[in-house]
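Good morning, everyone, and thank you for coming. Please take a moment to look at the structure on the screen before I go through it chain by chain.

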Amino acid sequence: MIQFHDYPLSGNCFKVRFLLEQLGLEYQSILVDFYPGYEHKSPRFLNINPLGQLPAIMDKGQAVRDAQAILVYLAAAYDKSGKWFPRDHQGEVYQWLAFADQLTGSISAARLHDAMFYRLDVSKARTEGIKLLRIIDEHLWFAEKDGHDWLLPLPHPTIADVACLPYIALAEEGGIDLAPFFSVSRWMERFMRLEKFKPMPGMMPLQMPKETP
Amino acid sequence: MNALTPLTADQSYLRHFWHPVATVNELEAADPAGNGPIGRTLLDEPLVIAKLNGKYVAMRDRCAHRYAKLSVGKVLENNRIQCPYHGWEYGATGRCELMPACPSDAIPKKAFTPAYACEERYGIIWVRLDSSWDCTNIPYCEAWENPEFKRQIIAEPYNWNSSAERRWENFTDFSHFAYVHPGTLYDPAYSEPAIVPVDRVGGELRFFMEPGRDMLDTLPDDSPLGSWNYRNSMPFSVNLSIRLYKNDKPFLLWTTSSPVSENSCRNFMIIAHTEDDLPDSQPLNFQKLVLAEDQPVIETQPGPIYLDEVSLPTDKISNQYRKWLRELSTAAAKGEEAFKAALFTDVTESK
Amino acid sequence: MTSYVVALEKDVRDYSIVRSMMGDKPLVIWRGASGAINVWLDRCPHRSVRLSAGRNMGGYLEGVYHGWQFDESGKVTLVPALQGRPSHDISATVYSTAVADGFVWASVEECLPTGSGGEPCYPVHIAAPVDQVRLHVDSSVDHLTPWGVDGTMVYPTGDPAQRRAELSAIRRRLEES
């Protein structure tokens, strides 16, 4: 069974948890006390990921670390439908996975500063986050105009959406107002209406009504 | 225009209360000797916190010379705080005692930084910015008073982009449980809380509440369901003493919000329980989940409370709390006697 | 007196909520079961939580904090803590609204849309005051709505690709100056 080193308040862990559940995979969740325990810097966890970062999984005796890498790994290994990591769109998928990394470096950093007392340049992190939000908002507006609901021009979400969603949905915890980003807000709503979607703490707690009640 | 009227236009009354600024653990994390210094902000005032000669001190975080932050400096072996810029050394009273550039010159009268009343209690460092009336006490906490408790956990403080007033109201608000904490603190089927008597006793807002026992079947085991007894020292403290339904044992949730500024607060939490081998992470993780459910909602509120907000009979606790804050603010503007009377005149509704 | 564009009509979908601003007023915009679009002040009268953090249930908007229900006229029709009774004397702050040429308009007083020149395209937020932005854009094809003190939302019309490039350039110039 897949062992998943998880922290419920981490957006990066949310990505992995979401895909594990979408793929219907059995997994064992091992809670790592990130804050205030700093357990991800403990010798036990450093054996699994020497970078001391969450999330990480152990599958078939092999460790995979980094949220984006785990998404690729799980989709390639277990998604028979091929929807989550579509073969003919790999370039686009990787582009958004890299984009998601930048979201971690900006919006998530601002959130760590506000909520968990990290010392860093928060105004720089916010400015960078807003720049990224503009790029993705514009992309989504034009995608919607062409009749597409997701980051890729496909009738279903992919790991690109999974990778980008959590830190955008948590932006306000880092003091970034999402109000000017209309298309991003609609895309988030669509995501939160997906089957088996469970909000993580920090996202609004109530389930969204389904469009076809 | 619909301009809003704040509940308390004058916030200076808050300077007369003791507020938590840091845990002893935090000071130890910043410096293995546990002497600091660390920088914290209270009511918009930057403070440097340190331990000098075994006693905690809080001073304005600003060297008198070129306004560098003392919290970026260090605590020397001679029990002084040294400014990081030109090495001026400050003693526990806030006076400069050495200017290394001209060690033999007389030290100017203005070479000081204001020091504030500072105490350690419950593993937490407390500061009172204005002690001229000296009439307030560090908030009540039952954790070390009740011998039944076997373990007291001092949690790592957490920050919210919300005011301390809003944080307090959120902690004592019963009618949001069904919406914000479905399945953690409350069963969504119970959204109608009882309206309970509210008393003012010795500067505390006290009330008692018994949530439905049937929820034991639906809520997680970590949910502290029981009879809830509140003794809340004004203005931002909550001592929630619980008699758990599941085993009839006491369980304590204590929290005090520290007003960093109008729109931000730093929150301190102590959990006490009677278990022998419950890992600290278990109750802490449960509280973390609950807090993370509240935070995004509460952060959409503006920091200040406004008189324009509509209140219902079911908001009784919040209404009584607001009334008292307003009275304290007005009384403090009148002076010491009025303030003492507003804080310590008991009003009891319950039998 | 002034009416402002506050959203694109096509962006206000069933069962969803749109946030916007009109000057210093945050707005919640939602389409109810009747098909009409409602534009309200984004502040719950109870404890000032953002209404846009709640849910559009079609027939009513539900507040996130205490589950109050607001009908399409803004009235509070259900308060769970009051055994589900209504509280008709409490209401959201409702603004006068109109839909014209694919735009949603709103005003503090009576809403009177002015004409517009073509197909709405991607709204651009510029972090500069509305008077400054006005000097750089063409008022015959752009609607400007003040967004707080230091921001402006530009609701342009015309060819999306061309307008996007043009407005991005203006935005960079104004924000970096």
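Predicted model: local features only at pLDDT ≥ 70, side-chain atom pairs only at ≥ 80, totals over all residues.

Residues are numbered from 1 along each chain as its sequence is written, and chains are lettered from A and ligands numbered from 1 in the order in which they are written.

Let me stay with chain B. Over residues 18–127 of chain B, the chain is 6% helix and 40% strand, where helices (H or I, at least four residues) and strands (E, at least two) are DSSP runs, numbered from the N terminus. The end C-alpha atoms of that stretch of chain B are 5 Å apart.

The domain bounds I use next come from an automatic or database domain assignment, and for chain B they give domain 1 (12–128) and domain 2 (151–344). Taken over C-alpha atoms, the centres of domain 1 of chain B and domain 2 of chain B are separated by 32 Å. The contact between them takes 17 residues from domain 1 of chain B and 14 residues from domain 2 of chain B, and here two residues are in contact if their C-beta atoms, placed from the backbone, lie within 7 Å.

Which element gives the largest share of the side of domain 1 of chain B that touches domain 2 of chain B? That share, four residues, comes from β1(B). By class, this side of domain 1 of chain B has nine nonpolar, seven polar and one charged residues; Ala, Val, Leu, Ile, Met, Phe, Trp, Tyr, Cys and Pro count as nonpolar, Asp, Glu, Lys and Arg as charged, and the others, Gly among them, as polar.

Chain B also meets chain C, with 18 residues of chain B in contact with 18 residues of chain C. On the side of chain B that touches chain C, the largest share, three residues, comes from helix α3 (residues 177–180) of chain B, and the residues of that side divide into nine nonpolar, seven polar and two charged.

Turning to chain C, the domain assignment gives domain 1 (4–91) and domain 2 (116–176), and 27 Å separate the centres of these two domains of chain C, taken over C-alpha atoms. Eight residues of domain 1 of chain C are in contact with nine residues of domain 2 of chain C, and β1(C) gives the most to the domain 1 side, with four residues.

Finally, chain A has seven helices and four strands, which follow the pattern β-α-β-α-β-β-α-α-α-α-α along the sequence. Buried residues make up 46% of the 213 residues in chain A, a residue being buried if 20 or more other C-beta atoms lie within 10 Å of its own, exposed if 12 or fewer, and partly exposed in between, with C-beta atoms placed from the backbone.

As an example, A:Tyr94 lies in helix α4 (residues 90–116) of chain A, and A:Tyr94 counts as partly exposed because it has 14 C-beta neighbours inside 10 Å.
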